[in-house]
Amino acid sequence: MSYFEDASVVFIPSAVKDGKTYSIKPTDGSGDLTFSRGSDIEATRVAANGYIQKAAVNLLLQSNSYDTTWSLSNATITGGQSGYDGSSDAWLLENTDAGGYITQSPTLSGVQTISVYAKAGTLDFIRIRSTVSGTNVDAYFDLSTGTYSGTTVGTAIDATITSMGSGWYRCTLTYNESITSVRFYPAIAYNDLTDTSGNIYIQDAQLNYGLVAQEYQETTTTSVVTGITNDMPRLDYSGGASCPSLKLEPSRSNLFTYDTYLNGLTFIQATATQNTDISPEGVQNAARLYDNAVDAQHRVGEGISVTSGTTYTWSVFAKKGTLRYCYLISTANGTERYFFDLQEGTAITSGGTIEDYGNGWYRLSAQATASATGSAVFGLNLTNDAQDNTYAGTGTDYHIVYGFQCEEGSYPTSLIPTYGTSATRTADACSKTGISSLIGQTEGTMYVETTLQNIVDNKTLLRMGQSASFSNSHILQVLNQKVYAESYVSSVNQAEIFTTAFSEGDKVKIGYAYKANDYVLYVNGVQIGTDTSASVPSSVGTLYVGNIAGTEQHAIEQALLFPTRLSNSDLAALTSL
């Protein structure tokens, strides 16, 4: 038989748009799935290039229309200039008196990066300033030599200048502050704004959260968020997959106030240098965590409020530096330590997990159930031995780290970026209503293909029902590491067939066929069980890929629906690995 021809719905994650993920069949759009997720910049995925991808934002308005939302002081602005990108979209910023500048007044807090493309005119320097209630954050850039002064004013984290060719540079300034405006000044030299008539060229300003400038996003009258936006389905390539899965996750909060800016966390006999190495994002925003030259613990972490009886998972991305070992630590239930070998990429302590992210990066994670309500420390420690929690540091030994996360739950979910406060990624939801004509009402077959991940909890893979209620439905799910197939009529269980336990990372192809008194479950080419005394739910018209929003989800690589009960031989062939 031709499974594609006989299927009524063929869902292979490949094409998406905001609020929708497309089914390959039917081709008239009647089987396309509605997708929603309330988060805006809190969701991430692993893209086809293997790097973690975040939403791209520009929080400025009229980012390259300097004669609109922007204001001038002792300066003029003239458009139509030759730009770094070959356009005529650059602007001439010229002083009319000393201290001239152009400004915009966003009110933001947390880790931010302001950037602008600039070129020398009659003056060679640009000063970028973010104004704050205390000491303003400033950096000067030499547009004739392509260097910045190396000295910043205020609580700057980093400053960079990158050549774009033809005398153009992208200048960036990163800081952790509550700001009231951003400004660009033509300058004679470092700390010299005395010129009354000189000029520079500017183009394409951007303000984004995070430790590095993102790819430029043009804005008009509103700020812009692109990429992994609130209702954009996440086609995920985790584990080096050549074909994506649809990432579906429950709502989670990252309780670390800073996921990547280590100097926003708390140190014990350790220090950090930010933006030293390429992170799992593929950009230079990872940090080096150094020990101090004392015999002690060497840690970065944070005190987090916990509730008695609640399980927390904390995780961090780490890459071997000069040391070999490290450990995760929690004080939520006594002091728990989970040791890891970053040279071999192994978890030494039972209960710790390690996941290879490529390029020497690993994601380390562990769980702790709080024994009391209060504050508990979650962190990462350096160590020079597979079991020693303290050692004599040198002041120069380090590991490279990125992406701290602590969340309620028994397994880690995808990274939730934080820039100064905890953040919540709301649940993914993917479903289609009103498709009773595509769902076999008196008989049918459900097929799902997936790689099992974080299967300690109940996770729904595919469900068909009358509504969000389970009362009349067919369900494929993972429970206690086993694959379950169940059907209900008026909330009464009609069929329940399940496998033995699988292991984390196992590939499964599941086929569940139903007909009155004729149910069967196949997994990976093997018949798991049958039920010969089961009724079929009626008026089934809604398909859920994963589960309803807010509950446990699982990534899906492929799903098929058939309006008939496939034969056992066809099920064996369809599900064979």
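**Bonds, cores and pockets**

A: This is a predicted model. A search of the whole structure finds zero disulfides.

Q: What is a disulfide?

A: A disulfide is a covalent bond that joins the sulfur atoms of two cysteines. The search of this whole structure turned up zero of them.

Q: Is cysteine 171 buried or exposed?

A: Cysteine 171 is buried, with a relative accessible area of 0%.

Q: Where do nonpolar side chains tend to be in soluble globular proteins?

A: They tend to be buried together. In this model the largest nonpolar core has 78 residues. Ile126, Phe184, Ile202, Leu364 and Phe378 are those with the most contacts inside this core. Strand 17, residues 168-187, gives the most to this core, with seven residues. Apart from it lies another core, of 40 residues, with Phe11, Val448, Met464 and Val483 among them.

Q: Which residues is isoleucine 202 in contact with, leaving aside its neighbours within four places in sequence?

A: The list includes Ile126 and Phe184. Also on it are the aromatic residues Tyr66, Trp91, Tyr117 and Trp168.

Q: Now the pockets. What volume does the largest pocket have?

A: The volume of the largest pocket is about 1,100 Å³. Its lining holds 49 residues, and Glu355, Leu452, Gln453, Asn454 and Glu504 lie nearest its centre. Among the strands that each supply at least two lining residues are strand 5 (44-46), strand 21 (245-247) and strand 39 (443-451). Strand 32 gives the most, with four residues.

Q: How do the residues of that lining divide?

A: In the largest pocket, 19 are nonpolar, 19 are polar and eleven are charged.

Q: What about the second largest pocket: which residues lie nearest its centre?

A: They are Ile52, Lys54, Gln214, Glu281 and Val283, out of a lining of 29 residues. The second largest pocket has a volume of about 470 Å³. Strand 6 (52-54) and strand 18 (199-209) each supply at least two residues of its lining, and strand 6 gives the most, with three residues. By class, this lining has 13 nonpolar, twelve polar and four charged residues.

Q: How many cavities of 30 Å³ or more does a search of the whole structure find?

A: It finds one. The largest cavity has a volume of about 40 Å³. Ile41, Lys54, Ala55, Val57, Tyr209, Gln214 and Tyr419 line this cavity. By class, they divide into five nonpolar, one polar and one charged.

Q: Last, a charged residue. Where does arginine 565 lie?

A: Arginine 565 lies in the loop between strand 48 (558-562) and helix 2 (568-575). With a relative accessible area of 15%, arginine 565 counts as buried, because the cut-off for buried is under 20%.

Q: How many residues apart in sequence are arginine 565 and aspartate 518?

A: They are 47 residues apart in sequence, and 8.8 Å apart in space, C-alpha to C-alpha. Not counting residues up to four places away in sequence, arginine 565 touches Asp518 and others including Glu443, Tyr514, Lys515 and Leu571.

Methods
Residues numbered from 1 in each chain as written. Predicted model: local features only at pLDDT ≥ 70, side-chain atom pairs only at ≥ 80, totals over all residues. Heavy atoms only, no water. 1 Å grid on protein atoms, 1.4 Å probe; cavity = no way out; pocket = protein on both sides within 12 Å on 5 of 7 lines; lining within 4 Å. Points joined across faces, edges and corners; volume = space filled by probe spheres on them. Nonpolar A, V, L, I, M, F, W, Y, C, P; charged D, E, K, R; others polar. Disulfide = S-S within 2.5 Å. Buried < 20%, exposed > 50% of the residue type's maximum accessible area, 1.4 Å probe, protein only. Core = buried A, V, L, I, M, F, W, Y, C linked by side-chain atoms within 4.5 Å. Contact = heavy atoms within 4.5 Å.
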